[in-house]
Amino acid sequence: MKKIGLVLSGGGVRGIAHLGILKFLEECGCVINCISGTSTGAMLGAFNAFGYSAQEILTITKNTKLFSLSDVAFSQSGIFNMKGIEESIIKHIPENTFECLRFPLHATATNILTGEAVYFSTGILSSQLMASSCVPFIFKPIEYQGHLLVDGGIVNNCPVEPLIGKCDVLIGVHVNSMSKKTEHLHIRDILDRSFHFALSHSVYSKVGQLDLFLEPPDMSRFSMFDMTAADEIFSCGYDYAKTRKQEIINTIQ
């Protein structure tokens, strides 16, 4: 049986499309053996590595409070802390370590002082997942083991490196595809598009290292932080994966 590694990008709430694709992979009989993820990809990957199905992770995600008044930090480095996210991780993975997971997980964060990617695969799970998911300006940077850490997608939104040479098959999923339509762009859309266009090189330059690259189209129509679209985003990922069914089967068999 092939050893299959999954590489999951960040993308905020858009990352729920990972779960739709994961559900389809489950239905195809695909057994994941390791995951490398950035930001939301690392977070969702942790729940899967612990043993939750795609559908169960969707429920967990929808019940996790990204922002609340109790999480407001009012600091110069970020608006919110990540208390709600931390509580959800500890609630659903009580052991709260990488070592308790069923298979290896690698989480990517960015050292905001050096601009380097930092990869974690051992130790305290919640601290490192929060660091990997710490969107600049929105959340306060996470201090961990002498590093000042923010979202890993800033320098590596397709963290294939930790899995090179460790798997027979590498499947990468990117959930930040940009719609080419230019009508009714709000300032938040312009900021979002600018941010992800700047990150795109770290994704598309890695496609050649993957055996299969999956990218649901026009994901920019969904906000990175609007959970009301969770079910629709999940369906988009699932439906897109169905259109790639034969390629997926050929890759994993």
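Predicted model: local features only at pLDDT ≥ 70, side-chain atom pairs only at ≥ 80, totals over all residues.
How far apart are the end C-alpha atoms of helix α8, and what span should its 14 residues have at 1.5 Å a residue?

**Figure 1. Helix α8 and the elements around it.** Helix α8 covers residues 230–243, and at 1.5 Å a residue its 14 residues should span 20 Å, which agrees with the 20 Å that separates its end C-alpha atoms. The buried residues of this helix are A230, I233, F234, C236, G237, Y238, Y240 and A241.

**Figure 2. Overview of the protein.** The protein has nine helices and 11 strands, and of its 253 residues 55% are buried. When contacts between residues at least 6 apart in sequence are considered, 76% of them join residues that are at least 24 apart. The protein exposes about 11600 Å², and carbon and sulfur atoms supply 55% of that area.

Figure 3. Side chains of opposite charge can pair when their charged atoms come close. In this model the count of salt bridges comes to four, and the one shown here joins the side chains of K23 and E27, with an N to O distance of 3.5 Å.

**Figure 4. A salt bridge between two loops.** The side chains of E161 and K206 meet in a salt bridge with an N to O distance of 3.0 Å. Because E161 belongs to the loop between β9 (147–151) and β10 (169–173), while K206 belongs to the loop between α7 (201–204) and β11, the pair ties together parts that are 45 residues apart in sequence.

**Figure 5. The salt bridge of R244 and E247.** R244 and E247 form a salt bridge in which the closest N and O atoms are 2.6 Å apart. R244 counts as buried at 16% relative accessibility, whereas E247, at 38%, counts as partly exposed.

**Figure 6. Cysteines without a disulfide.** The count of disulfides in the model comes to zero. C30 takes part in no disulfide, and the nearest cysteine sulfur, which is that of C28, is 7.8 Å away. C30 counts as buried, with a relative accessibility of 10%, and C134 likewise counts as buried, at 0%.

**Figure 7. Aromatic pairs.** The count of aromatic pairs comes to five. One of them is formed by F47 and Y52, whose ring centres are 6.2 Å apart and whose planes meet at 75°, so the pair is edge-to-face. F47 counts as buried at 4% relative accessibility, and ring pairs link F47, F50 and Y52 into a cluster. F120 and Y144 also form an edge-to-face pair, in which the distance from centre to centre is 5.6 Å and the angle between the planes is 85°. F120 lies in strand β6 (residues 116–120) and Y144 in strand β8 (residues 142–144), so this pair ties together parts that are 24 residues apart in sequence. Both F120 and Y144 are buried.

**Figure 8. Two loop residues with positive phi.** Most residues other than glycine have a negative phi. Q145, although it is not a glycine, has a positive phi of about 50°, and its place is in the loop between β8 and β9. With a relative accessible area of 61%, Q145 is exposed. D218 is also a residue other than glycine with a positive phi, here near 55°, and D218 lies in the loop between β11 and α8. At 35% relative accessibility, D218 counts as partly exposed.

Note on methods: Residues numbered from 1 in each chain as written. Heavy atoms only, no water. Helix = DSSP H or I, 4+ residues; strand = E, 2+ residues; numbered from the N terminus. Expected span 1.5 Å × (residues − 1). Buried < 20%, exposed > 50% of the residue type's maximum accessible area, 1.4 Å probe, protein only. Disulfide = S-S within 2.5 Å. Phe/Tyr/Trp six-rings, centres within 6.5 Å; stacked < 30°, edge-to-face > 60°. Contact = heavy atoms within 4.5 Å. Areas by Shrake-Rupley, 256 points an atom, 1.4 Å probe, with all protein chains shown as cover.
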